[in-house]
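User: I am new to this structure and would like to learn how to read it. Please take one feature at a time, with the general idea before the case.

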Amino acid sequence: MRAGIVIVGHGPAAHRLVQLLRRYGYRGRIGVLGAEHRPAYQRPLLGEVLGGRLRPSALTLPGIAGDADVRDGVTVTGVDRRRALVHTDDGGSHPYDTLVLATGARPHLPDLPGLRAPDGSPAGGVTALRTLDDCLRIAPPPGTGPADAGGGGGRGPDVAVLGAGVLGVETAVALRGGGRGVTLVHPAPHPMENRLDATAGLLLTERLERLGVRVLPGRTARAYRPGALLLEDGEQVPARHLVVCAGAVPETSLARGCGLAVRTGVVVDAELRTSDPRVRAIGDCAEYEGTVGGSVLTAWEQADVLARLLTGGGARFRGTRPAVRLRAREIDLAVLGTPDAPGEEHPAGSADEVVTFTDRTRGRYARLVLREGRVHGAVLLGLPRAIAAVAHLYDRDLPAPSDRLSLLLGTPPAGDPGGPAEDDVVCFCGGVTRAEVRRSWRDGARDLAAVAAATRATTGCGGCAREVLALGGETHPGAAQPVDGGPRRLVGLLGEGGA
C-alpha cells in the first residue's frame with residue numbers, strides 16, 4: 001500500500017480536510033480511518049434529531065470526492081512513528097508520509113454513583129451525549145417530530161439533563177421541542193455561568209421555563225438510579241433517561257501511546273505540527289498555545305490551514321476568536337469573546353467601554369465590551385438583529401458606530417468597504433460557505449429545498465435561509481423564492497432574525 005496522508009478520525013474536521021485537500025490540488029493517496037460505523041455526519045445538528053426535526057440520515061455529510069480510501073468502523077490501536085505505520089484492530093497497517101490526528105473528544109462523565117456500569121461505560125438509562133448513537137438512544141422514534149410529539153405542548157417520557165452549559169441548554173430545548181418532559185439540573189446559580197453574567201443568566205432561565213423546561217439552578221446531583229436523579233437536598237427528579245452534558249475531554253490516548261507531547265490536548269504549533277513534524281493534529285483533540293479547540297469553527301479553520309500547507313501553500317493557524325451561537329431555534333443568544341471585568345485598565349491607559357441594555361419584560365439583554373472602539377466581547381439575548389450587526393463588527397474587527405443604541409437595534413454598520421468573502425461560512429450549523437451555496441445555484445438548485453439537498457445549508461437552525469436566498473438571487477436572478485416565517489440570516493459567524 002502506497003503512503004500518503006492518513007487521517008485518524010472521520011468527523012466533520014477530517015471530512016472538511018479531505019474536501020479542501022482535493023480542492024487545493026492534492027493528488028496523492030488519502031486514507032481516512034473512522035471508529036464509528038457510519039460515514040461522517042454533522043455533529044452540530046444532533047439537537048435537530050433529538051427534537052424530531054431531522055431524521056438521522058439527514059446529518060450525513062456529502063461523500064468525499066476523489067479516490068480517498070475511507071474505512072469506517074475501524075479502530076486505530078497504535079502508531080509506529082519510527083516506521084511511519086498506523087495499526088488498526090482489523091489487523092491492517094497503513095503507511096503514511098503525513099499522519100493527521102482528528103480524534104476529537106469524549107464526553108466527561110462525573111464521578112457520581114449510578115452513572116457508570118461496571119466496565120466504566122454509562123449505565124443503563126444514562127447517555128453522555130456526543131455521537132449520533134448517543135442521540136438515537138433518546139431521540140423520538142423515526143417519523144415523529146415536534147408536531148407528532150405535541151410540539152412541545154405535550155409531555156412525553158421524563159428526561160433529566162445534567163449540566164447547563166451550551167450543550168446542556170441546547171439539549172434541553174431540543175428534547176422539550178420533541179415533546180419530552182425535561183428538567184435541567186445545574187450546580188451553578190444560572191445556566192452557562194462561565195459565559196453569562198447574572199442578569200443574562202436569569203433571563204435565559206426565564207426563557208427556558210417559558211418553553212416548558214424545568215430549570216433547577218444551584219442544585220447538586222448526589223446519585224442516579226433507574227427512573228430518578230437524586231439531589232443533595234433529597235429531591236428526586238423523575239428521569240426515565242439521564243442525559244449528561246458535563247463537558248468533553250480531548251481524545252489523546254493514541255497520541256500519548258506513541259510518545260507525542262500532550263497537555264490537555266495534543267500540543268500543536270501554528271502549522272498544526274505535533275512534537276513529531278510528520279504528525280499533525282486538528283479539531284477537538286488539538287491544543288494550540290494552551291487552548292483546546294472545542295468549536296466546529298476552530299476545526300474548520302484548522303482544516304483549511306492544514307490543507308493549504310500540505311498542498312504547498314503558506315498558511316498559519318493563529319487561534320480562533322471565541323464566538324458561540326446557541327443552536328436552539330427558540331432562543332436568540334450569542335456570546336462573543338471571553339468574559340472580562342468591565343472597565344479593566346489596559347497598558348495603553350485606556351479603559352474598556354461597557355454598554356448594557358436590559359428589557360426583562362421581553363427577555364432582551366445586551367452587554368457590549370468595546371476596546372479602542374472595537375467589539376472586544378458581547379452577550380446578546382433576544383436581539384437577533386443586534387447579533388447580526390455586532391457579530392459582523394466583531395468578525396471583521398471593524399470600529400463600532402458611535403450610536404450604540406442603533407447598534408443594539410441592528411442597524412447595519414457603516415464603513416465596511418470589503419463586504420463578505422466567498423469562503424465566509426453562511427450556514428453555521430452545516431459549515432457551508434457562500435461559494436458552496438453559489439455553486440449549488442449554478443448547478444441547478446432553484447429553491448431552498450434543492451440547495452439544502454445539495455449542501456445541507458438551512459437544515460440546522462434555519463437561520464441562514466435569507467442569506468441563501470439572497471445568494472441565489474445574485475447568482476441566478478429570478479430563481480430564489482421568499483421564505484415563509486421570516487427565518488433568520490447568518491452574517492459571518494452568527495445570525496440575524498426577523499423583525
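**Reading the structure**

Analyst: In H10, the buried residues are Arg434, Glu436, Val437, Arg438, Ser440 and Trp441. Keep in mind throughout that this is a predicted model.

User: How should I read the spacing of residues along a helix?

Analyst: The general idea is that an α-helix has 3.6 residues a turn, so residues three or four places apart point the same way. In this structure, Glu436, Val437, Ser440 and Trp441 of H10 meet Val451, Ala454 and Thr455 of H11. Glu436, Val437, Ser440 and Trp441 are also among the buried residues of H10.

User: How is the packing of two helices described, and what are the angle and the axis distance for H10 and H11?

Analyst: Two packed helices are described by the angle between their axes and the distance between the axes. Helix H10 covers residues 434–442 and helix H11 covers residues 448–455; they pack at an angle of about 120°, and their axes are 10 Å apart. Angles from 65 to 115 degrees would count as roughly perpendicular and those over 145 as roughly antiparallel; H10 and H11 are therefore oblique to each other. Their crossing is right-handed.

User: Which residue with a positive phi follows H10?

Analyst: That residue is Gly444, with a phi near 120°.

User: Now the charged pairs. What is the general idea, and how many salt bridges does the structure hold?

Analyst: Side chains of opposite charge can pair when their charged atoms come close. There are 25 salt bridges in the structure. One of them joins the side chains of Arg137 and Asp134, at 2.6 Å from N to O.

User: Is Arg137 buried or exposed, and is Asp134 buried or exposed?

Analyst: Arg137 is exposed, at a relative accessible area of 51%. Asp134, in contrast, is buried, at 10% relative accessibility. The cut-offs used in this reasoning are under 20% for buried and over 50% for exposed.

User: What about the pair Arg364 and Asp359?

Analyst: Their side chains form a salt bridge at 3.1 Å, N to O. Arg364 is buried, with a relative accessible area of 18%, and Asp359 is buried as well, at 16%.

User: Let us turn to sheets. In what order do the strands S4, S5 and S6 lie?

Analyst: The order is S4-S5-S6, in an open sheet of three strands with antiparallel pairing. Strand S4 (76–80) and strand S6 (93–95) are the edge strands, each pairing on one side only. From one strand to the next, the twist averages 20°. Three bridges link strand S5 (residues 85–88) to S6 in the antiparallel sense, and His87 has Ser93 as its bridge partner in S6.

User: Why is strand S26 described as largely enclosed by the rest of the structure?

Analyst: The reason is that six of the eight residues of strand S26 (residues 374–381) are buried.

User: What is found between S25 and S26?

Analyst: The two strands form a hairpin with two residues between them, and in this hairpin Glu372 takes a positive phi near 55°.

Technical notes:
Residues numbered from 1 in each chain as written. Predicted model: local features only at pLDDT ≥ 70, side-chain atom pairs only at ≥ 80, totals over all residues. Heavy atoms only, no water. Salt bridge = Lys/Arg side-chain N within 4 Å of Asp/Glu carboxyl O. Buried < 20%, exposed > 50% of the residue type's maximum accessible area, 1.4 Å probe, protein only. Pairing = 2+ DSSP bridges. Helix = DSSP H or I, 4+ residues; strand = E, 2+ residues; numbered from the N terminus. Axes fitted to C-alpha atoms, helices over the stretch in contact; angles between N-to-C directions. Parallel < 35°, antiparallel > 145°, perpendicular 65-115°, else oblique. Left-handed = near helix turned anticlockwise from the far one by under 90°. Contact = heavy atoms within 4.5 Å.
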